[in-house]
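Colleague: Hi! Could you walk me through the charged contacts in this one?
Modeller: Happy to, let's open it up.

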Amino acid sequence: MKRTIRRFISGVAAVALSAAMVAPMTANAAVEKLESVYVNADAFGKPTSVTVSEQLKGAAQMTGTLKDKSSLTDIKNIKGDETFEQNGEDITWNLAGNDIYYQGKTTKELPVSVKLTYFLDGTEVNPKDIVGKSGKLKITVEYANLSDSMKKVGDKEEKIFTPFLMVTGMILDNEVFSNVKLDGAGKVIDSGSNSIAVCMGLPGLKDSLSLPKKIDEKIGDKLKDKTTITCDVKDFEMKTTFTYASPNLLKAGSGDDDEFDLSKITKNVDKIKDASDKLGDGASKLKDGADKFNDGLKKLESSLKKYTQEGVKKLTAGIGQLTSNAPKLKKGVNKYVDGATALADGTTAYVKGAEQVATGITTLNAGMSTVSDAQLKLLTDGLTAFAKGLSAVVNKDDMKKLSDGAKAVSDGVGTVNKSLGELEKSYDTEDTAIAALKAALAGNQEVLAGLKKAKESGAAGLDSAIAALEKTTAGEKAAIEGLEAVEKGQKNGVSELKKATASDGTLGAGAKAVSDNVKTLTDGLGAMSDDAQVQLLAKGVSMIAEKLPLLTAGIKALKAGSDKLTANDKKLLSGASALKKAGKVMKKTIKQLSSGMDTLGTGAKELDKATDQVSTGVGQLVKGGDKLAKGIGTFKNGLNEFRKKAIDKLLDLLDGDVKNIIDRVEAIKSAGEDYTSFAGSAAQDGEVKFIIETEGVKADED
């Protein structure tokens, strides 16, 4: 309200500095009377003559005659040839298609006055007596308002002064006047060669407003009727001064009819009260919401700490242990595969050699069945050569090594099968690791969803944590997919290899058959490797005939063992091939597993790092939540304090002093609207202004 009053006063000042010498005109009336009252006054402001100029605006659009009213004497048309008839104050104009401009004289008392008082070096003087003198000059400009009317203020009729704005302008030669200062409403403008002193006054307005003491102490000084000009003067003389007065203070100062319609303020009192109550309720709800938000943040921080300590840390520790043992597993599997490959290659070489031996035995057996006496010598020679070769081939130590080697191959296949069984047990550990990763992924996705929801709710500072957690969940998904692929490949390879190396499998059964047949062969050859028989065979053919049935039987036994041995060669070769193939699958699988372990280890580190970042971010959110809740609490308390000390007092003021001021302003505005003419008027509307010209003060000219 005080600000509104200040705007009211500021509007007055703005008008004083910018008002033109011609007041605004109203276009609604058919004929409008615009009146200018020119007052000639002495150097003290006392009127010596009054001339009034009138314009009947709108007469140009009329024909016939126009009724007017005026108290002027010596009326004359100053712009046209229109004639008139006067009967007392009633005037009838004969129109000729033009607006009427006329002028007259009056001795009627003016509604306003201006008084100039002069002091030189502290003594009041007549300005004519100090022409040409120098010293400290003071001029007081004092306004008076003599126009009032009774207006309704609230429930009472009170005297209200017409709201005249008065502005006095003095042009002071800078060669005569210097250090010009002004005490009161107005301003001094230095134009270079002159100082222009503009004084303002609102005579009677302070009395009309009847401001309460507490308001008058703040703005009462802006409603003074007196202004003082001080300066240094040299060779004093002074030009004419002009004082402008207009009763259209409020109208001229607004430009908008609603600008000073202060009565609307009282209509908004209930709205202010409602808005104040809603503002208080909103602050309380905001405080409750901030507390709930802060509690949620603290629960999130607690859950995140538990998740970090009991979930992520344990998971990363387990993954670290798993990845640290991955090189050992890879090394062991590679060593096993290399051994199995060597076994398969040795088995293949053995089968090829066994096939060659079997071919020779078959040939020998076929030849013995067709031997004749004539060919005996050839046979004995061949046998001699064979005996020599046999003594070199059939060696007990070599036969034992061959038998032991075949058995070792069969036992080795069994050992491989058993090792594969142990390897299958590690699936549980891998399944546990994958399950742990999936659980961690689910937890991270839940945290990520919570952070995104918090961000949507307006929480700031979560972008980096969300980005890090999204990267972590992507790494976890890739690690899980890699581990599952590795586990699937490993299970397939191990299952195939275990099936092949089983006792009834291709490789297991083949290796067993080879071992049994080699034993049969070495047993058969052992029967022929007795030193005495070899020596007898080597001494002469004469014993061959005697021993031929025994030799034939031995060859048949050897043939039978050879047939059994070669019968299982295909199974043995198939098992060796399966063993090598399974070894390649295992090497590829362990390589994928090792790569997956590395990815898993990297993901675990990123998960640990991201979890720390999220934890740090949530910690910062909690601190921010505390500050937010505290700040909103402070805001709520401050708002309540503001309501008590400002809004409530404002409402009290609106219901008290200010309402009276508003009523008075409306009455003042009405008084200004009613004052439309000084000399009298019959027009529907009009405006009047006063120009008071004081005479200049100069030295007498001889």
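Modeller: First, the term we need: a salt bridge is a side-chain nitrogen of Lys or Arg within 4 Å of a carboxyl oxygen of Asp or Glu. Bear in mind that this is a predicted model.

Colleague: Thanks! How many salt bridges does the count come to by this rule?
Modeller: The count comes to eight salt bridges. One of them joins Glu 470 to Lys 452, with the closest N and O atoms 3.1 Å apart.

Colleague: Where do Glu 470 and Lys 452 lie?
Modeller: Glu 470 lies in helix 10 (residues 463-501) and Lys 452 in helix 9 (residues 427-456), so this pair ties together parts 18 residues apart in sequence. Glu 470 is partly exposed at 35% relative accessibility, and Lys 452 is partly exposed too, at 36%.

Colleague: Switching topic, what do the side chains of Glu 158 and Arg 664 do?
Modeller: They meet in a salt bridge, at 2.5 Å from N to O. That pair links distant parts of the chain: Glu 158 sits in strand 12 (residues 156-161) and Arg 664 in helix 15 (residues 657-674), 506 residues apart.

Colleague: And Arg 664, does that count as buried or exposed?
Modeller: Arg 664 counts as buried, because its relative accessibility is 7% and the cut-off for buried is under 20%.

Colleague: Last one: which residue forms a salt bridge with Lys 69?
Modeller: That's Asp 90, with the closest N and O atoms 3.4 Å apart. Asp 90 is in strand 6 (residues 90-94) and Lys 69 in strand 3 (residues 65-69), so the pair ties together parts 21 residues apart in sequence.

Conventions:
Residues are numbered from 1 along each chain as its sequence is written. This is a predicted model: local features need pLDDT of at least 70, side-chain atom pairs count only at pLDDT 80 or more; totals for chains, interfaces and linings use all residues. Side-chain values use heavy atoms; hydrogens and water are left out. Helices (H or I, at least four residues) and strands (E, at least two) are DSSP runs, numbered from the N terminus. Buried means under 20% relative accessible area, exposed over 50%, partly exposed in between (1.4 Å probe, protein chains only).
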